[in-house]
Amino acid sequence: MELGISAASTRTVKATPALPLDKVLIGDCVSLMNGLPANSVDVIFADPPYNLQLSNELLRPNHSRVDGVVEAWDKFSSFAAYDEFTLQWLSAAKRVLKKTGTIWLIGSYHNIFRVGAILQDLDFWILNDIMWRKTNPMPNFRGRRFTNAHETLIWAARDPGVTNYTFNYDAMKALNEGLQMRSDWLLPICSGEERLKDEAGDKAHPTQKPESLLHRVILASTKEGDVILDPFFGTGTTGAVAKRLGRHFIGMEREHAYASKAIARISKIVPLSPDAMEVTTSKRQEVRIPFGWLVERGLLSPGTMLCDISRRHAAKVRADGTLISADAKGSIHQVGALVQGASACNGWTFWHVEISGALTPIDVLRQKLRAELH
């Protein structure tokens, strides 16, 4: 059975046309994934059953019941049965991932080590393990263990040796106030208005993930228009954040009640405007601009004199995009290094040109040309 949600923008579709984009599919995720084209999705986010192995209900000190995971979908007859289930869905997931695709898995100590081992057995290549530190974890009511205050995410490439997977390093750095994003993420659990409720006012899903967690995952590892598959869709956090950020999603969920909640939730999401969706990109991802293009486009005329910020060194622009100084000739980088007696030089930031009486790095002209080409 298929429940549909219409795509909510004019964003570019990079996916295979046969994919059920922006849909919630109801059924067994293994069968549903096996029905998709191979090498067709960019990223998978999977929040599989944790197999919590709960034998008794958990009570608070006042004897009230803790609202934990008691649903049938989290129960398996043995570790072997859980491992077989994990092998099946991970194998199906690997088939549908693109060669440049990555997968995110989240779990607790009950299951993450078993899932991680099977992931490696299938030749996925682990890139990071992320510790999601919860700002407001559930206390340990029995006082027999440490409070379980974190869950673990595994981020892995589909195949060993792949280097061209998406990682928006600079966006993550910007999100972290200019510092490299670490592998321990301090985020709250899902609560308040974000927590979906059923008709009785209880949690609609016992393990609903916070949108802040999926925001970081999706922003880090996808581009606008990418397709994100969630084989354990639940109440649709992945789909909600994907739609807001201009990504496509495919949700798979076997419980009709959860799927209905997800559809209603996602239908209310308004995608961000195109300019708001843009993220900080790495210089390595930007269009390469040879210095000679500035000369061709008339941004710098042959014969223009360049100098360093202290006006100690000078060089003249030639028609073929090279520089010549009193002691050297060559590219902007070569001449910059030679005049300084250095082994290397970034000519874009070293050389300046006088514009309206002020020295300006020639990199400003490069950025202007790059913006025109974009």
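In which sense do strand β3 and β4 pair, and over how many bridges? I started my notes on this predicted model with that pairing, and I found that β3, residues 41–46, runs parallel to β4 over five bridges. Within this pairing I looked up V41 and noted that its bridge partner in β4 is L97.

**Entry: around β4**

I then followed β4 to strand β6 (residues 150–157), where I recorded six bridges in the antiparallel sense; there G107 stands opposite T152 of β6. I also checked the burial of β4, and since eight of its eleven residues are buried, I wrote the strand down as largely enclosed by the rest of the structure.

**Entry: Y109**

Moving on from β4, I located Y109 in the loop between β4 (97–107) and α3. Leaving aside the neighbours within four places in sequence, I listed R145 and N148 as residues in contact with Y109. I also noted the C-alpha to C-alpha distance from Y109 to L52, which is 9.1 Å although the two are 57 residues apart in sequence.

**Entry: α2 and α3**

Next I looked at helix α2 (residues 79–96) against helix α3 (residues 112–121), whose axes come within 10 Å and cross at roughly 45°. That angle makes α2 oblique to α3, and I recorded the crossing as right-handed. On the α2 side I listed F79, Y82, D83, T86, L87 and L90, which meet R114, V115, I118 and L119 of α3. Sorting this contact by class, I have seven nonpolar, one polar and two charged residues.

**Entry: α5 and α6**

How do helix α5 and helix α6 cross, and within what distance do their axes come? For α5 (residues 211–221) and α6 (residues 237–244) I noted axes that come within 9 Å and cross at roughly 55°, which makes α5 oblique to α6. The crossing in which α5 passes α6 is right-handed. From α5 the contact draws on E211, L214, H215 and I218, and from α6 on T237, T238, A240, V241, A242 and R244. By class I have five nonpolar, three polar and two charged residues in the contact of α5 with α6.

Strand β10 (residues 305–307) and strand β11 (residues 314–317) run antiparallel and are joined by three bridges, and I picked out L306, whose bridge partner in β11 is A315. Six residues lie between the strands of this hairpin, and I marked R311 for its positive phi near 60°.

Which strand does β11 join through two bridges? I traced this pairing to strand β12 (residues 323–324), which runs antiparallel to β11, and I noted I324 of β12 as the bridge partner of K316. Five residues separate β11 and β12 in their hairpin, and in the turn I found G321 with a positive phi of about 85°.

**Entry: the whole chain**

Last, I took down the totals for the protein chain, in which there are twelve helices and 15 strands. I noted that 46% of its 374 residues count as buried. Of the contacts with a separation of 6 or more, 67% are accounted for by residues 24 or more positions apart.

Conventions:
Residues numbered from 1 in each chain as written. Predicted model: local features only at pLDDT ≥ 70, side-chain atom pairs only at ≥ 80, totals over all residues. Heavy atoms only, no water. Pairing = 2+ DSSP bridges. Helix = DSSP H or I, 4+ residues; strand = E, 2+ residues; numbered from the N terminus. Axes fitted to C-alpha atoms, helices over the stretch in contact; angles between N-to-C directions. Parallel < 35°, antiparallel > 145°, perpendicular 65-115°, else oblique. Left-handed = near helix turned anticlockwise from the far one by under 90°. Contact = heavy atoms within 4.5 Å. Nonpolar A, V, L, I, M, F, W, Y, C, P; charged D, E, K, R; others polar. Buried < 20%, exposed > 50% of the residue type's maximum accessible area, 1.4 Å probe, protein only.
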